[in-house]
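The report below describes a single protein chain, moving from its overall form to selected local features. Please read it alongside the sequence and the coordinates.

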Amino acid sequence: MPDNLRSQAITQGVQRTPNRAMLRAVGFGDDDFTKPIVGLANGYSTITPCNMGINDLAKRGEAALGTAGAKPQMFGTITISDGISMGTEGMKYSLVSREVIADSIETACMGQSMDGVLAIGGCDKNMPGAMIAIARMNIPAVFVYGGTIKPGHYNGRDLTVVSAFEAVGQYSAGKIDETELIEVERRACPGAGSCGGMFTANTMSSAFEAMGMSLMYSSTMAAEDEEKADSTEKSAHVLVDAIRNQRLPRDIITRKSIENAVSVIMAVGGSTNAVLHFLAIAHTAGIEWTLDDFETIRARVPVLCDLKPSGRYVATDLHRAGGIPQVMKMLLAHDLLHGDCLTVTGQTVAEVLADIPAEPSTDQDVIRPWDNPMYASGHLGILKGNLAAEGAVAKLTGIKNRSITGPARVFESEEDCLAAILDGKISAGDVIIVRYEGPKGGPGMREMLAPTSAIIGAGLGDSVGLITDGRFSGGTYGMVVGHVAPEAAVGGTIGLVKEGDSITIDADARLLQVNVSDEELTQRRAQWTPPAPRYEQGVLAKYAKLVSSSSLGAVTDLDLF
């Protein structure tokens, strides 16, 4: 080594002596200083069943990282349970937690100069939060899903958490008695794991598998099954290999791989929240991606899977039927998947799917054959019109009436809306407006699972529309439209609607409009004044000040400079 480089190396080594001293205190030995340091972002908590099994997975991953030749450093990150906070003020923190999770993972990994990260998460925002951080840092990474919950059972039917929300509506409408209501509540969530239908958590885990950032089959495994722990161990070995070969997230997260992910979301009937999250992931990765791209993919990809919330089966059923790899192979065989995309294993999508048949097994009906899909085109539609100039998101499948025109029933909050439904004040033909629940106005863009489930439970799912600048749970279905942008709090037209205005939702025309004249809307806009901020300090106040439109992913770093 030349004298100048030797002198520089000695100087740097001396400078890092205190760092090594502290690392020895947490278990580093002499040999460990030559190994890649790998962060293990552990989303464990007992806040929610989605995450309560994750610590065991993290310990398995930690041991595997050591065996593979890395030095793991475990750290925690937060979670908010959407299902538990649903219908409360606390739900405003759910989408905010996506940003907190992303920022915390970035802060720990970058602050400690880690060489890679194994991120393990369960509840809805764990996944996009982790993937935003992964794309932002661009150090080798693998995402490990904590696993899905197994279904509960009552009176011969499978239950999920949505069953409990719908039971409230059924009870209020006199369709079930208190005994059945309590039994459904007791049995809906039998153990560890994320909500069991193709709701947001299972949607995002499936999408990450399709995108190449998680191992094949891992997204539909049950949290309590041994194969989930085995897959975590394998993920750790794959990550160490990715570090050695410098397979970086932005080599894997590309426009083509996002197209793959969104195609799978359409094929499995996934959550509307995936639209919001992939806008944010693409933004972070520097990839051009818009609402219109979802509509392009929707038009060409059929719904292949019969999954809850609008279908019959849950994620564990999908896993037994062949899982996401089977769905991907069907799409690949019909030129609807990019087979040349890289996965974190170093193989291409086509290579990892090589041994999977092009058609699903005939001894199951969770995944339909190509020539007999659930629906000929995708279910997540982008609606536009004078009520949503930037766009809005709706599930277009599983509804009997493809359009509705009816009088607006206007509510300034989710709580007021839910009370009206449970009190029997909503009638067939009404179009409910729930506003000032957007990213800025809420703030935090709450999910409307309680009102939409109450509508379904009351038997009004095919005859009542609901429009909001908030979000919907992945468990929501029916004639509902969310993510309306611009939102009410920034002067969007949804804030100008008056009780009784004629509103049209047209799924086939992808139209969302209030049927009043432009002149009338101009007059109303001139009289409108922005509401005062609901929070003046703390995380919600900061979020409201920074967050972008939902049409751009509700990101918080769009206009920092």
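How many positive and negative side chains does the protein chain have, and how far apart do the centres of the two sets lie? There are 48 positive and 66 negative side chains, and the two centres lie 3 Å apart; here Lys and Arg count as positive and Asp and Glu as negative, while His and the chain ends are not counted, and each charge is placed at NZ of Lys, CZ of Arg, CG of Asp or CD of Glu.

## Basis of the description

This is a predicted model, in which local features need pLDDT of at least 70 and side-chain atom pairs count only at pLDDT 80 or more, whereas totals for chains, interfaces and linings use all residues. Residues are numbered from 1 along each chain as its sequence is written, and side-chain values use heavy atoms, with hydrogens and water left out.

## Overall form

The secondary structure of the protein chain comes to 21 helices and 14 strands, taken as DSSP runs (H or I of at least four residues for helices, E of at least two for strands) and numbered from the N terminus. The radius of gyration is 24 Å, which agrees with the value near 24 Å that a compact globule of 561 residues would have; the radius is taken over C-alpha atoms, and the globule rule is 2.2 Å times the number of residues to the power 0.38. Along its principal axes the C-alpha trace spans about 80 × 60 × 45 Å.

Buried residues make up 58% of the 561 residues, where buried means under 20% relative accessible area, exposed over 50% and partly exposed in between (1.4 Å probe, protein chains only). The accessible surface comes to about 21,300 Å², with 50% of it belonging to carbon and sulfur atoms, as computed by the Shrake-Rupley method with a 1.4 Å probe, only the protein chains shown counting as cover for residues. Of the contacts (heavy atoms within 4.5 Å) between residues at least 6 apart in sequence, 76% join residues at least 24 apart.

## Nonpolar cores

In soluble globular proteins, nonpolar side chains tend to be buried together. The largest nonpolar core holds 103 residues, and Ile253 and Phe278 touch the most other members; such a core is a set of buried Ala, Val, Leu, Ile, Met, Phe, Trp, Tyr and Cys residues joined through side-chain atoms within 4.5 Å. Apart from this core lies another, of 27 residues, which include Leu383, Ala392, Val410 and Leu521.

Not counting residues up to four places away in sequence, Phe278 touches partners including Met204, Met211, Ile265 and Trp289. Ile265 itself is found in helix 12 (residues 255–268) and is buried, with a relative accessible area of 2%; beyond its neighbours within four places in sequence, its contacts include Phe278, Ala274, His379 and Leu380.

## Buried loop and helix positions

Val344, in the loop between helix 16 (323–333) and helix 17 (349–352), counts as buried because its relative accessible area is 1%. Its C-alpha atom lies 8.5 Å from that of Pro140, although the two residues are 204 apart in sequence. Val349 lies in helix 17 and is buried at 1% relative accessibility; with neighbours within four places in sequence left aside, Val349 is in contact with residues including Asn260, Met328 and Cys341.

Helix 19 (residues 449–457) is mostly covered, since eight of its nine residues are buried. These buried residues pack against helix 7 (161–172), helix 18 (414–422), strand 10 (431–434), strand 11 (465–468) and strand 12 (480–485). Gly459, which follows helix 19, has a positive phi near 80°.

## Backbone exceptions

Most residues other than glycine have a negative phi, and most peptide bonds are trans. A cis peptide bond joins Lys308 and Pro309, with omega about 25°, and Pro309 is placed in the loop between helix 14 (291–300) and helix 15 (315–320). The bond from Gly442 to Pro443 is also cis, with omega near -15°, and Pro443 lies in the loop between strand 10 and helix 19.

Two residues other than glycine have a positive phi: Gln246, near 50°, and His483, about 60°.
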